[in-house]
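Hi everyone, thanks for coming.

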Amino acid sequence: MQFNDMRDKIAAGQGFIAALDQSGGSTPKALKGYGVEEDAYSGDEEMFGLIHQMRSRIITSPCFSGEKVIGAILFEKTMDGEVDGRPTPAALIERGIVPFIKIDKGLEDERDGVQLMKPISGLDELLTRAKGLGVFGTKERSVVNQANEAGISAVVGQQFELAIQVLRHGLVPIIEPEVNIKSTDRAASDAILRDEILRHLDRLPESEQVMLKLSIPAEAGLFQPLTEHPRVLRVVALSGGFSRADACEQLARNPGMIASFSRALLSDLRHGQSDEEFDKTLGTAIDEIHAASVA
């Protein structure tokens, strides 16, 4: 697939985007969920080697193809690694799956009810390298914990400032201002966030498009103006701590949004499963998330 082919697939593909982008801080938890305890490795190099093995196993599974998985978000070390002797982005593209790269470096401490992204050192070099490897877009996450208008405005402003830098490198940014689903004023946060995003979208040049990765809204259909906005290529949903069944049920009530799940996709996979068991378990998760995304 060339860049325009990837754009068309993301814009209209009947599937979902897999999130395989657990980074340094979340990798131990991801490995533990996979059945690999912390005493099974020593140091970051072994840890990242094990998580890459898990991701390679997922990517090479027969059920992980562009038929239902239209995109995959990678951690930087996964992007720079290989799957079956091929650079990971190339291995995905060969399977009909559009590659993305997570570029944020974690979160600042909470202020005004939100957590902004930490500064991203070496970003231009990373974006150039990603583009050279055939990556289509990026993903950058911040968090909204309270319905604080000033805080949410700061989050969205930072996200769009970064998005413009990504667009200048010829990549498509996935803007991810996650609303904490445990927030007591979640519905109010959703509404403030929607309106703030719309305000920034209207300022983008007509020739540019971004993607949005959002928590499934407390009020079904609230984000429809975002899914229909001409500056938005696609709106995807994060599972945000919901079980796969709950996330799929809620997603299906929001036409125009497709899944970009991580924990809800991988939660039943285990290191000790046989290849047959692993592929069957992964296939079941893919089928359920795909069905909710195209509902």
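I'll start with the whole chain and then stop at a few residues.

First, some ground rules. This is a predicted model, so I talk about local features only where pLDDT is at least 70 and about side-chain atom pairs only at pLDDT 80 or more, while totals for chains, interfaces and linings use all residues. Residues are numbered from 1 along each chain as its sequence is written, and side-chain values use heavy atoms, with hydrogens and water left out.

Okay, the big picture. The chain has 12 helices and 11 strands. Those are DSSP runs, numbered from the N terminus: a helix is H or I with at least four residues, and a strand is E with at least two. How compact is the chain for its length? Its radius of gyration is 18 Å, close to the 19 Å that the globule rule gives for 295 residues, so it is as compact as a globular protein of that length. That radius is taken over C-alpha atoms, and the rule is 2.2 Å times the number of residues to the power 0.38. Along its principal axes, the C-alpha trace spans about 50 × 40 × 40 Å.

What share of the 295 residues is buried? That comes to 54%. Buried here means under 20% relative accessible area, exposed means over 50%, and partly exposed is in between, using a 1.4 Å probe and protein chains only. Now take contacts, meaning heavy atoms within 4.5 Å. Of the contacts in the chain with a separation of 6 or more, 73% are between residues 24 or more positions apart.

On to charges. The chain has 32 positive and 45 negative ones, and their mean positions are 1 Å apart. For this count Lys and Arg are positive, Asp and Glu are negative, and His and the chain ends are left out. Each charge is placed at NZ of Lys, CZ of Arg, CG of Asp or CD of Glu.

Next, cysteines. How many disulfides are there? Zero, by the rule that a disulfide is a pair of cysteine sulfur atoms within 2.5 Å. Cys63 is in no disulfide, and the nearest cysteine sulfur, the one on Cys248, is 15 Å away. Likewise, Cys248 is in no disulfide, with the sulfur of Cys63 as its nearest. Cys63 counts as partly exposed because its relative accessibility is 22%, while Cys248 is buried at 9%.

Now have a look at two loops. Asp84 sits between strand E3 (82–83) and strand E4 (86–87), and it has a positive phi of about 55° although it is not a glycine. Asp84 is exposed, with a relative accessible area of 71%. Asp112 is in the loop between strand E5 (98–102) and strand E6 (114–115). Its phi is positive too, near 55°, and again the residue is not a glycine. Asp112 is partly exposed, at 41%.

Let's move to helix H8, residues 186–201, where we find Arg194. Is Arg194 buried or exposed? Its relative accessibility is 19%, so it counts as buried. Not counting residues up to four places away in sequence, Arg194 touches Leu222, Phe223, Pro225 and Leu226. His200 is found in helix H8 as well, and it is buried at 12%. Leaving aside neighbours within four places in sequence, His200 is in contact with Val156, Gly157 and Phe160.

Two more stops. Asn254 lies in the loop between helix H10 (244–251) and strand E11 (257–259), and it is buried, with a relative accessible area of 3%. Setting aside neighbours within four places in sequence, its contacts include Ile216, Pro217 and Leu222.

Last one: Leu92, in helix H5 (residues 88–94). It is buried, with a relative accessible area of 0%. Which residues does Leu92 touch, not counting those up to four places away in sequence? They are Ile59, Phe64, Ala72, Leu74, Ile97 and Pro99. Leu92 and Lys9 are 83 residues apart in sequence, and their C-alpha atoms are 13 Å apart in space.
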